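Here is a short walk through one protein model. Keep the sequence and the structure in view as you read.

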Amino acid sequence: MSTDIDVLIIGSGPAGATFARHLADRTTARILMVDTGSALTSDTGGNIRNLMPEAREQAWGQARTFPLAAIPHDAPADVLQARPGTHLLNPLATATPLHQGMPAAAMSSNIGGMGIHWTCACPRPSGSERISFLDQTRLDAAYETAEAYLQVTQQGFPATALSQSIIAALNDRFSDGRDATRLAQPMPLACTPQPDGKPRWSGTDAILGDLARAEVRARRGLEIRPDTLCRQILTRDGVASGAMLRHLPSGRDYEVHASVVVIAADALRTPQLLYASGIRPQALGRWLNDQPQVIALIDVDAPARPNAKAGSTQDGRDNVSGVTWLPFNEPDFPFHGQLMQMDTSPIAFHQNDKDVGKPVVGLGLFLAKDLREDDRIMFSDERDALGMPRMTLSYTLTDADRAGLEKALKAVQQVGAALNGVANGGEAIILPAGTSLHYQGTHRMGPVDDGTCVTSPASRVWGFDNLYLGGNGSIPTATACNPTLTSVALALMAADDIIERFFPPHSL
């Protein structure tokens with residue numbers, strides 16, 4: 001195994017994979033990407049939703065064997081359940097009043113990170129969601145490349161009479177004050193359309209491209225090393241010289257040395273690793289930003305299917321509704337809305353009533369959080385199952401957040417009125433904080449080193465020459481839209497900075 005390399009990347013999720021591909025495509029750098037987890041799929045970073053049900057359950061079962069995923073035998077009956085393939089930060093978490101402490105906070109530990117579990121929604125942010133201090137032309141160019149890496153399309157599902165009627169009905173109700181780009185429309189999804197009408201979902205393999213194949217990686221100088229915990233970043237005088245790694249199956253510790261170090265371990269574990277390494281800027285772990293989330297079931301006006309069974313997710317082809325996007329449009333609609341046919345929804349919603357045969361779509365509304373420095377990760381001298389500093393979350397909803405949720409509950413009724421009503425048994429639910437998995441801000445970027453941010457606009461840690469961060473934690477703004485597209489765009493901009501500073505053309 002290589003111990004002297006050009007670029008070390010901690011984390012193999014969408015951001016880490018973006019760094020790896022962009023650098024491999026544009027330099028001859030020797031790159032090592034490590035992840036604490038194992039491969040859950042035979043293809044590198046393939047989306048688990050593409051697997052047949054039996055293989056999917058097997059992959060999720062393997063994910064539950066990760067040390068941090070263990071649930072004590074004496075766990076209370078009302079303990080929260082992590083989304084399949086993920087594990088809770090606190091395996092004994094239960095719902096808390098006013099969502100104190102973000103009880104549903106969860107992570108994935110596997111090759112491909114959350115990119116093999118996600119639902120692939122890739123809307124671009126708008127208005128106050130955008131990062132205003134970045135060069136907007138460069139940012140838009142990065143979004144275009146990110147969409148290409150992720151294979152984003154609005155044609156993931158076929159246009160049907162049902163999907164078009166949903167869009168038309170929403171625009172009859174919600175078009176006032178919206179320009180054409182913010183009208184209801186098919187959701188931009190990271191996927192490839194298929195002849196049978198059900199898309200092939202993009203995983204981290206889509207970002208890697210040809211590098212998802214082991215023989216290509218070997219030829220181009222990229223190694224992906226699973227079951228490898230990064231315990232500490234090695235630093236001296238503002239330079240990251242490498243890292244202390246542990247091979248988890250054997251417990252063997254060893255050092256690697258690198259010219260550039262990138263941490264893209266997720267919005268919780270990137271701050272944890274920095275803290276464990278003695279890199280503790282004032283803003284580290286602060287400004288934790290989840291998205292409060294409301295879900296409901298909405299009846300749609302389409303022929304009921306005879307003899308439908310409770311929980312059925314299989315629509316006939318004529319009744320495919322796909323995924324519809326109702327964009328964030330402040331101040332009247334400060335939410336990101338998505339209406340999903342039920343086999344695309346990440347949240348199980350069990351409807352038990354006499355109208356179960358009637359077609360429904362799942363409605364999800366994400367809200368932008370009222371940002372607070374005191375919403376944060378707290379680290380202790382105690383150790384977690386991997387020997388890293390134990391994390392707890394200090395997090396609460398503000399009066400503004402609660403007012404936003406009340407407005408979202410009213411918006412559910414408005415969406416229902418635009419279509420065919422809120423379904424019986426599918427009334428709106430406010431999900432426990434952390435359910436969105438869209439955690440942001442914990443290693444946020446900023447225009448200047450003023451104590452409110454961890455990195456520069458190029459994602460380089462303030463005070464360090466060669467230490468870069470990637471992932472949702474870099475996003476400094478309050479967003480309502482899904483963050484993956486933005487994280488990939490920011491990783492592209494950071495990778496460009498690495499290329500310019502460390503691998504200029506004359507060095508190739």
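Start with residues 380-491. Their end C-alpha atoms lie 30 Å apart, and the span is 25% helix and 13% strand. Helices here are DSSP runs of H or I with at least four residues, strands are runs of E with at least two, and both are numbered from the N terminus. UniProt lists this span as "domain: Glucose-methanol-choline oxidoreductase C-terminal", in an unreviewed entry. UniProt positions follow the numbering used here, feature names are shortened, and annotations may be inferred rather than shown by experiment.

The model is predicted: local features need pLDDT of at least 70, side-chain atom pairs count only at pLDDT 80 or more, and totals for chains, interfaces and linings use all residues. Residues are numbered from 1 along each chain as its sequence is written, and side-chain values use heavy atoms, leaving out hydrogens and water.

UniProt also places "domain: Glucose-methanol-choline oxidoreductase N-terminal" (unreviewed entry) at residues 131-292. The end C-alpha atoms of that span are 20 Å apart. It is 30% helix and 27% strand.

Now look at helix H9, residues 484-502. Its 19 residues should span 27 Å at 1.5 Å a residue, the expected span being 1.5 Å times one less than the number of residues. The end C-alpha atoms are 26 Å apart, which agrees. Of the 19 residues in H9, 15 are buried (under 20% relative accessible area; exposed is over 50%, partly exposed in between; 1.4 Å probe, protein chains only).

How do helix H4 (residues 161-174) and helix H8 (residues 399-418) pack? Their angle is about 125°, and their axes are 9 Å apart. Axes are lines fitted to C-alpha atoms, for helices over the stretch in contact, and angles run from 0 to 180 degrees between N-to-C directions. H4 and H8 are therefore oblique to each other: angles under 35 degrees count as roughly parallel, over 145 as roughly antiparallel, 65 to 115 as roughly perpendicular, and the rest as oblique.

Next, the cysteines. The whole structure has zero disulfides, a disulfide being a pair of cysteine sulfur atoms within 2.5 Å. For cysteine 481, the nearest cysteine sulfur is that of cysteine 122, 9.8 Å away. Cysteine 481 is buried, at 3% relative accessible area.

Finally, the backbone. Most residues other than glycine have a negative phi, and most peptide bonds are trans. Cysteine 120 has a positive phi of about 75°. Glutamine 151 has a positive phi of about 65°. A cis peptide bond joins glutamate 330 and proline 331, with omega about 5°.
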